[in-house]
Amino acid sequence: MMRRTAPPNLMVVFGASGDLAKRKLLPALFHLYQQNLLHKGFTVLGYARTEMTDEVFREQVGEALREHYADEHGETYDDAAWQRFAETLFYQTGGYDDHAAFDALAARIAELDAAYPTQGNHLFYLATPPNVFEPITALLADVGLAHASGAGWTRLIVEKPFGHDLESAQQLNDHLRKLFDEEQIYRIDHYLGKETVQNILVFRFGNGIFEPIWNRNYVDHVQITVAESLGVGSRGGYYDKSGAIRDMVQNHMMQLVALTAMEPPVTYDAESVRNQKVNVLRSIRPLDPIEVNKWVVRAQYAAGVAGGEQIPGYLEAEGIPPTSTTETYVAWKLEIDNWRWNGVPFYIRTGKALPTKVTEVNIMFRRPPLMYFNSREARGPRVHNSLTLRIQPDESIILNFDAKRPGPQLDVEQVSMDFVYSSAFGDSTISDAYERLLLDAMLGDSTLFIRRDETELAWDRVTNVLEGWGIQEEILRRRGKTLPLPQYAAGTWGPIESDDLLAHNGHQWHEPVLSEER
């Protein structure tokens with residue numbers, strides 16, 4: 001535990017008045033504080049354009065903690081601990097492109113360094129819209145904050161999105177590398193901080209019964225689902241500029257593919273793990289933009305009921321143009337051209353307004369060479385043995401296999417063996433993803449952060465798809481037509497075209513079964 005205690009540092013949170021800081025970052029820091037994982041020299045300086053004093057900032061953070069803390073951690077809010085933690089919080093008002101304001105920020109940081117034992121260690125967190133990443137980092141360099149003076153260190157955490165296509169991602173990375181060393185840059189994807197995502201590696205490489213069969217000889221195909229039950233709600237204007245492939249596939253889903261498919265690292269350290277993830281992303285077969293429709297399905301949700309709520313169709317949502325071709329659903333058949341996975345399709349899908357909120361990886365194993373029990377007495381269609389790694393909501397690992405039902409007849413039925421985190425370790429053991437990632441950044445451990453080449457390789461594969469869609473739409477525009485996207489009713493698992501994508505190989509989507517349904 002002592003080895004995982006953060007060193008003293010001053011954390012500057014840009015965008016401190018925003019939702020991410022109040023709902024995720026500061027509650028995560030408070031929980032680390034309660035676990036005695038922060039050094040007594042830890043200090044937070046919030047920075048945003050909103051005018052407020054240190055006292056008002058502390059009051060607002062306290063209100064946010066009281067509102068969200070019990071829901072996030074399942075624990076009683078500790079007001080005495082909060083009062084102590086609040087003394088470490090400070091606030092600075094300023095613009096993101098104002099040189100004088102950054103001079104004042106540098107002076108405030110020097111003041112706090114002198115007053116508190118931060119040892120000159122600085123962690124800058126960009127919890128802001130991406131359009132101000134470049135001015136913030138440029139001004140940090142201009143006022144001498146990009147590199148530490150003396151024995152301290154300086155690190156920069158960058159929230160997604162890292163660009164909106166390959167070119168913009170490269171431009172952002174080029175900009176950051178002119179100002180910071182790559183070792184200073186921590187590109188954060190909160191999915192990598194989730195316990196069950198990290199457990200993919202432990203499960204694969206720590207168990208002798210599963211590691212030998214994690215390859216094309218035993219695995220028929222892999223399915224990865226990231227489903228959301230909500231529609232776009234009031235965020236339509238923002239969402240319409242990104243769509244499902246930018247919002248989910250380029251980052252979260254590509255990371256899940258990489259962790260599921262990667263080779264064993266030489267050692268469990270940042271460089272070795274990230275090298276193997278990069279090798280997987282490099283092995284994903286690039287698509288010819290002209291042939292995108294053979295491999296990728298996109299769709300929009302129509303009106304329906306999802307998550308127990310009536311949801312209007314995407315084109316009826318606030319802020320959505322009636323001619324929008326932004327996808328709310330994507331299914332993609334990936335081919336990984338390497339020795340381990342050659343010929344094993346990876347099917348990934350994500351969408352809004354689906355029946356339930358769930359994220360899982362399904363390993364579908366090959367059927368036995370002789371199906372002795374595939375007789376008329378056998379119940380139901382033959383299905384694959386499968387292993388489900390459930391990321392959310394009920395974090396678990398589920399093994400599905402065939403067994404004979406009790407009785408005189410040969411009735412075969414698929415049954416499950418479940419490992420559920422909350423049952424095995426208790427409800428309070430699953431910490432928020434940001435807790436692990438913030439602590440790692442303070443410790444200088446970049447294993448669960450994303451390297452430059454990871455972002456660009458993922459964007460390269462996604463940009464091929466985006467270009468293919470753009471070509472389709474341009475051809476139709478020249479003919480005076482618009483693109484009719486496939487539709488799926490809210491509360492269903494996507495369009496028929498998505499089912500067809502798998503049916504060509506004799507496969508079908510695995511429908512998630514949550515714990516309350518089993």
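Mentor: Before we start, a word on labels: helices (at least four residues) and strands (at least two) are DSSP runs, numbered from the N terminus. Also, this is a predicted model.

Trainee: Got it. Where does Pro-161 lie?

Mentor: Pro-161 is in the loop between S5 and helix H6 (166–179). Now look at the peptide bonds and phi angles: most residues other than glycine have a negative phi, and most peptide bonds are trans. Here, the bond from Lys-160 to Pro-161 is cis, with omega near 5°. Gln-392 and Pro-393 are joined by a cis bond too, with omega about 10°. Pro-393 sits in the loop between strand S14 (386–392) and strand S15 (396–404).

Trainee: And phi? What is the phi of Asn-36?

Mentor: Asn-36 has a positive phi of about 60°, although it isn't a glycine. You'll find Asn-36 in the loop between helix H1 (19–34) and strand S2 (43–48). Gln-119 also has a positive phi, near 60°, and belongs to the loop between helix H4 (99–115) and strand S4 (122–126).

Trainee: Is Asn-36 buried or exposed?

Mentor: The cut-off for exposed is over 50% relative accessible area. Asn-36 has 61%, so it counts as exposed. Gln-119, at 57%, is exposed as well.

Trainee: What about Thr-154: buried or exposed?

Mentor: Buried means under 20%, and Thr-154 has a relative accessible area of 5%, so it is buried. Thr-154 is in strand S5 (residues 154–159). Its side chain reaches the backbone nitrogen of Ala-148 at 3.3 Å. Thr-154 also touches several other residues, among them His-122, Phe-124 and Gln-184.

Methods:
Residues are numbered from 1 along each chain as its sequence is written. This is a predicted model: local features need pLDDT of at least 70, side-chain atom pairs count only at pLDDT 80 or more; totals for chains, interfaces and linings use all residues. Side-chain values use heavy atoms; hydrogens and water are left out. Buried means under 20% relative accessible area, exposed over 50%, partly exposed in between (1.4 Å probe, protein chains only). A polar contact is a pair of N or O atoms within 3.5 Å; within protein, one must be able to donate a hydrogen and the other to accept it, and residues adjacent in sequence count only if both atoms are side-chain atoms. Contact means heavy atoms within 4.5 Å. Lists of a residue's contacts leave out its neighbours within four places in sequence.
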